[in-house]
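The sequence and structure come first.

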Amino acid sequence: MTRHTLDQLEIGNTAVVRRLNAGGAIRDRLMDMGLLPGTPVLAEFRSPLGDPVAYRIRGALIALRRSQAREVEIDLSEGACQ
Amino acid sequence: MTAQTVKLCETCPAYDASALKRLGVKVGAADYVVALAGNPNTGKSTIFNALTGLRQHVGNWPGKTVARAEGGCDYNGRQYRLIDLPGTYSLLSTSVDEEIARDFILFGKPDVTIVVVDSTRLERNLNLTLQILEITDRVVVALNLIDEAQRHGIQVDARHLSRRLGVPVIPMAARRLQGIPELLQAVEQVAKGLYATRPHRIHQFGAKLERALNGLIAQIEQEYPGLPNARWVALRLLDADASIEQAIREHRLGDLNRDVEASGTEKAVPAEVVA
Ligand SMILES: Nc1nc2c(ncn2[C@@H]2O[C@H](COP(=O)(O)OP(=O)(O)OP(=O)(O)O)[C@@H](O)[C@H]2O)c(=O)[nH]1
Ligand SMILES: [Mg+2]
């Protein structure tokens with residue numbers, strides 16, 4: 001297991017949320033989107049400009065900006081990151 | 001929803017036409033105010049239109065509701081004012097149009113709040129549902145899109161969910177007008193206090209936090225006499241919610257006249273939400 005953040009997750013791969021590094025409003029927003037420790041997240045596709053990226057979270061497709069995804073620490077098996 | 005669909009429905013046998021009169025916008029002094037809340041795209045406007053006979057824009061984005069719409073209906077001789085709210089994922093981390101919904105749910109003093117949930121994404125939708133159950137016990141859950149759930153092989157045990165949440169849960173396929181009579185009945189029962197809800201609540205605070213809360217609540221009530229949900233506001237202040245702090249500082253807490261015009265123009269993002 002290597003420690004990474006969600007913005008590093010490659011399209012088509014799944015990771016599990018380890019912790020949220022942000023505080024305040026950003027943290028509230030991420031949790032409201034269903035990103036709690038233990039939640040599996042699939043990076044589904046990237047928008048044409050590369051940001052945001054659409055993630056599958058608890059059955060819904062959620063677009064996160066890179067600045068937000070960076071705040072989410074994930075666990076994943078080797079090789080799932082760029 | 002088109003006017004045609006509404007007409008069709010009046011002839012459909014499941015519809016208790018004698019009990020429901022759609023009043024459109026012609027609603028006078030209503031007996032009850034009913035808010036339609038829920039995550040985006042769960043069918044709030046579809047239900048609103050079925051009840052009022054109005055044609056509030058329905059559809060996938062960009063038809064989403066960005067301002068609140070009002071209409072009325074008469075059910076069993078009582079007048080209901082219905083408020084169709086923009087979709088929101090949360091009462092906590094709100095975007096600008098979500099704030100309109102949040103403010104009405106918290107400060108608009110609805111007699112009943114219908115929380116419209118998407119049966120195919122129940123887990124996600126329960127976040128807002130539980131937040132609303134924290135602040136009011138007059139709630140009816142509209143378990144909408146059960147036709148979609150069935151198509152995906154998902155079965156939701158509405159009775160069990162109702163027991164766990166402590167409020168009525170009505171399975172619906174609002175686009176086909178399924179469940180509308182049952183929804184009306186549940187709203188009536190909760191409005192009249194005939195259904196004793198026991199809302200599921202998570203918060204159990206220690207004595208220390210309660211003391212801090214009570215001190216803040218007293219100050220908030222002094223500053224904003226009659227403000228509903230001062231306790232919720234106090235909790236947000238303790239949680240350092242910058243938007244609530246600012247609203248208090250600018251003396252616009254509970255000010256419900258900040259609706260923005262429906263614009264329908266937003267940048268295309270290939271997903272449901274930009275968080
Ligand atoms: N299959 C199915 N579709 C539905 C049902 N109810 C609503 N819809 C459809 O879902 C889409 C969204 O419905 P709306 O009523 O606009 O949803 P809303 O909750 O008002 O959406 P926002 O205002 O954006 O939050 C529309 O295409 C509706 O026709 C239902 O019970 N079953
Ligand atoms: Mg709507």
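Which element gives the most to the lining of the largest cavity? In this predicted model, that element is H7(B), with 3 residues.

**Cavities**

A search of the whole structure finds 2 cavities of 30 Å³ or more. The largest has a volume of about 60 Å³. Its lining is made up of B:Val34, B:Leu51, B:Cys73, B:Tyr80, B:Leu82, B:Ile114, B:Leu183, B:Leu184 and B:Val187. By class, the lining holds 9 nonpolar residues, with no polar and no charged ones.

The second largest cavity holds about 50 Å³ of space. Around this space lie A:Asp7, A:Arg46, A:Gly50, A:Asp51, A:Val53, A:Tyr55, A:Leu64, A:Arg66 and A:Ala69. Strand S4 (53-57) and helix H2 (66-69), both of chain A, each give at least two residues to this lining. The class division here is 4 nonpolar, 1 polar and 4 charged.

**Second largest pocket**

The second largest pocket contains about 1,100 Å³ of space. It is lined by 35 residues, of which B:Leu92, B:Leu130, B:Gln131, B:Glu134 and B:His203 are the closest to its centre. Both chains contribute elements: helix H1 (24-32) of chain A, and helix H3 (96-107), H4 and helix H9 (230-238) of chain B, each supply at least two lining residues. H4(B) has the largest share, 8 residues. The lining of this pocket divides into 15 nonpolar, 7 polar and 13 charged residues.

The volumes and lining classes of these spaces are set out below.

| Space | Volume | Lining residues by class |
|---|---|---|
| Largest cavity | about 60 Å³ | 9 nonpolar, no polar, no charged |
| Second largest cavity | about 50 Å³ | 4 nonpolar, 1 polar, 4 charged |
| Second largest pocket | about 1,100 Å³ | 15 nonpolar, 7 polar, 13 charged |

**Interface of chain B and chain A**

The size of an interface is often given as the accessible area lost when the parts come together. For chain B and chain A, the buried area is about 1,600 Å², with 49% of it on carbon and sulfur atoms. Chain B puts 20 residues into the contact and chain A puts in 19 residues.

How many salt bridges does the rule find across the interface of chain B and chain A? There are 3. A salt bridge joins A:Arg58 to B:Glu123, with the closest N and O atoms 2.3 Å apart.

On the side of chain B that touches chain A, the elements giving two or more residues are helix H4 (122-135) and strand S8 (273-274) of chain B. H4(B) gives the most to this side, with 4 residues. By class, this side of chain B has 8 nonpolar, 5 polar and 7 charged residues. H4(B) also has the largest share of the lining of the second largest pocket.

**Salt bridges overall**

Over all chains, the search of the whole structure finds 19 salt bridges. One of them pairs A:Arg18 with A:Asp75, the closest N and O atoms being 2.7 Å apart. A:Arg18 lies in strand S2 (residues 14-20) of chain A and A:Asp75 in strand S6 (residues 72-76) of chain A, so this pair ties together parts that are 57 residues apart in sequence.

Key:
Residues are numbered from 1 along each chain as its sequence is written. Chains are lettered from A and ligands numbered from 1 in the order in which they are written. This is a predicted model: local features need pLDDT of at least 70, side-chain atom pairs count only at pLDDT 80 or more; totals for chains, interfaces and linings use all residues. Side-chain values use heavy atoms; hydrogens and water are left out. Contact means heavy atoms within 4.5 Å. Buried area is the accessible area (1.4 Å probe) that two parts lose on being put together, summed over both. A salt bridge is a side-chain nitrogen of Lys or Arg within 4 Å of a carboxyl oxygen of Asp or Glu. Ala, Val, Leu, Ile, Met, Phe, Trp, Tyr, Cys and Pro count as nonpolar, Asp, Glu, Lys and Arg as charged, and the others, Gly among them, as polar. On a 1 Å grid over the protein atoms alone, a cavity is a set of points where a 1.4 Å probe fits but cannot get out, and a pocket is an open set with protein on both sides within 12 Å along at least five of seven lines; lining residues have an atom within 4 Å of a point. Grid points are joined across faces, edges and corners, and a volume is the space filled by probe spheres set on the points.
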